[in-house]
Amino acid sequence: MPQNNGLCETCQWVRLIRSDRGSEFLLCRYASEDPRYPKYPRLPVLVCAAFREAAAS
Ligand code: SF4
């Protein structure tokens, strides 16, 4: 996962997307629930009302 992602790093809504060229992006799946949230948030996200900590695996 890319570094310095802030809250997204431990959020249950995040997905790591890897392009064909090897670039990595964080996709916020909450954006499909609420269009006020960007699909690809500007990082690091320091404050986010939709943040939900992911359960430890
Ligand atoms: S809900 Fe907020 S903290 Fe979670 S992935 Fe989306 S932007 Fe990041």
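**Figure 1. Ala54 in the predicted model is partly exposed, with a relative accessibility of 34%.** Beyond residues up to four places away in sequence, Ala54 touches Thr10, Cys11 and Gln12. With Thr10, the sequence separation is 44 residues, while the C-alpha atoms of Ala54 and Thr10 are 5.8 Å apart.

**Figure 2. Ala55 is exposed.** Its relative accessible area is 74%, and exposed residues are those over 50%, so Ala55 falls in that class. Ala55 is also located in the segment after strand 2. Between the C-alpha atoms of Ala55 and Thr10 the separation is 8.8 Å, for two residues 45 apart along the chain.

**Figure 3. Arg52 contacts residues Thr10, Cys11, Gln12 and Trp13.** These contacts leave aside the neighbours of Arg52 within four places in sequence. Arg52 sits in the segment after strand 2 and is partly exposed, at 44% relative accessible area. Leu7 lies 45 residues from Arg52 in sequence, with a C-alpha to C-alpha distance of 9.0 Å. Thr10, Cys11 and Gln12 are touched by Ala54 and are among the contacts of Arg52.

**Figure 4. Strand 1 and strand 2 form a hairpin.** Strand 1 covers residues 14-18, and its pairing with strand 2 is antiparallel, over five bridges. Strand 2 runs over residues 24-28. Across the pair, Arg15 stands opposite Leu27 of strand 2. Five residues separate the two strands, and in this turn Gly22 has a positive phi of about 95°. In a regular strand, side chains alternate between the two faces of the sheet.

**Figure 5. A cis peptide bond joins Leu43 to Pro44.** The omega angle of this bond is near 0°. Pro44 is part of the segment after strand 2.

**Figure 6. The whole protein, shown for context, has two strands and zero helices.** The C-alpha trace spans about 30 × 25 × 20 Å along its principal axes. A compact globule of 57 residues would have a radius of gyration near 10 Å, and the 11 Å of the protein agrees with this. Of the 57 residues, 23% are buried. Considering contacts between residues at least 6 apart in sequence, 37% join residues at least 24 apart.

**Figure 7. The surface of the protein exposes about 4500 Å².** Carbon and sulfur atoms supply 50% of this area. The protein carries 8 positive and 6 negative side chains. The centres of the positive and negative sets lie 4 Å apart.

Note on methods
Residues numbered from 1 in each chain as written. Predicted model: local features only at pLDDT ≥ 70, side-chain atom pairs only at ≥ 80, totals over all residues. Heavy atoms only, no water. Helix = DSSP H or I, 4+ residues; strand = E, 2+ residues; numbered from the N terminus. Rg over C-alpha atoms; globule rule 2.2 N^0.38 Å. Buried < 20%, exposed > 50% of the residue type's maximum accessible area, 1.4 Å probe, protein only. Contact = heavy atoms within 4.5 Å. Areas by Shrake-Rupley, 256 points an atom, 1.4 Å probe, with all protein chains shown as cover. Lys, Arg positive; Asp, Glu negative; His and termini not counted. Charge placed at Lys NZ, Arg CZ, Asp CG, Glu CD. Pairing = 2+ DSSP bridges.
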